[in-house]
Amino acid sequence: MQTPDVETFELPLLSRDLLDDPLAFVAAEHDRHRAVLAFLKRASLQGIISTSSALSISEFLRVELKGHFEDERLSLHPALCSRSLSDYDFIKSIQRIEKFHADSEIVADQIGEELADMSAKKRVRMSGELSDLISEYAKKEHENLAYENAVIMSIAEVRLKKSDIAKIRMSMKLRRGVPV
């Protein structure tokens, strides 16, 4: 049952044309993730979420976010590490991000499952435990995204060569079934 005063969330769509510029695509994915987190934070403070928003965000957390993490783990990070062999601290930071993503996926799955269950049962009120879990998740994710954007993406703009970008573009398109 929809409650009229419950804020609804529509996930911003990304044009597949952005895949032609994979760093811009990754940055846009970060923006989408931040939008989801901002909405989740508001919803967790209110303790309510619309059923349509719960379903949309569940899909994002359980499917789309994993695809984004794959883009970074399988394409972006290996290219960056290959251009940063003498920068041990940077490579360690990439490894920390990948560990964070692995841990984050577990929590994102849990939140996604609970939101999907709420949507299926037409519930809008969150449990206190779910609100707390979402709040903590959003805080940690915001911090990680700030670091990724300030450090990783900035270094990617400088270190990656056109050939690296071309390989990243091709692999991201192939993962999505988009013609290369």
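Helix axes are lines fitted to C-alpha atoms over the stretch in contact, and the angles between them run from 0 to 180 degrees between N-to-C directions. The views show a predicted model, in which local features need pLDDT of at least 70 and side-chain atom pairs count only at pLDDT 80 or more, while totals for chains, interfaces and linings use all residues. Residues are numbered from 1 along each chain as its sequence is written, and side-chain values use heavy atoms, with hydrogens and water left out.

**View A. Helices α2 and α3.** The axes of α2 and α3 come within 8 Å and cross at roughly 165 degrees (helices are DSSP runs of H or I with at least four residues, strands runs of E with at least two, numbered from the N terminus). That angle makes α2 roughly antiparallel to α3 (over 145 degrees; under 35 counts as roughly parallel, 65 to 115 as roughly perpendicular and the rest as oblique). By class, their contact has 17 nonpolar, 7 polar and 8 charged residues (nonpolar: Ala, Val, Leu, Ile, Met, Phe, Trp, Tyr, Cys and Pro; charged: Asp, Glu, Lys and Arg; polar: the others, Gly among them).

**View B. Helices α2 and α4.** Helix α2 (residues 51–82) packs against helix α4 (residues 128–159) at an angle of about 30 degrees, with the axes 13 Å apart, and the two are therefore roughly parallel to each other. Leu61, Leu65, Glu72, Leu76 and Leu80 of α2 meet Tyr137, Glu148, Ile152, Met153, Ile155 and Ala156 of α4 (contact means heavy atoms within 4.5 Å). This contact has 9 nonpolar, no polar and 2 charged residues.

**View C. Helices α3 and α4.** The axes of helix α3 (residues 88–120) and α4 come within 10 Å and cross at roughly 145 degrees. The residues of this contact divide into 16 nonpolar, 5 polar and 5 charged.

**View D. Arginine 159 and phenylalanine 90.** Arginine 159 lies over the face of phenylalanine 90, at 5.1 Å from the ring centre (NZ of Lys or CZ of Arg within 6 Å of the ring centre and within 35 degrees of the ring normal).
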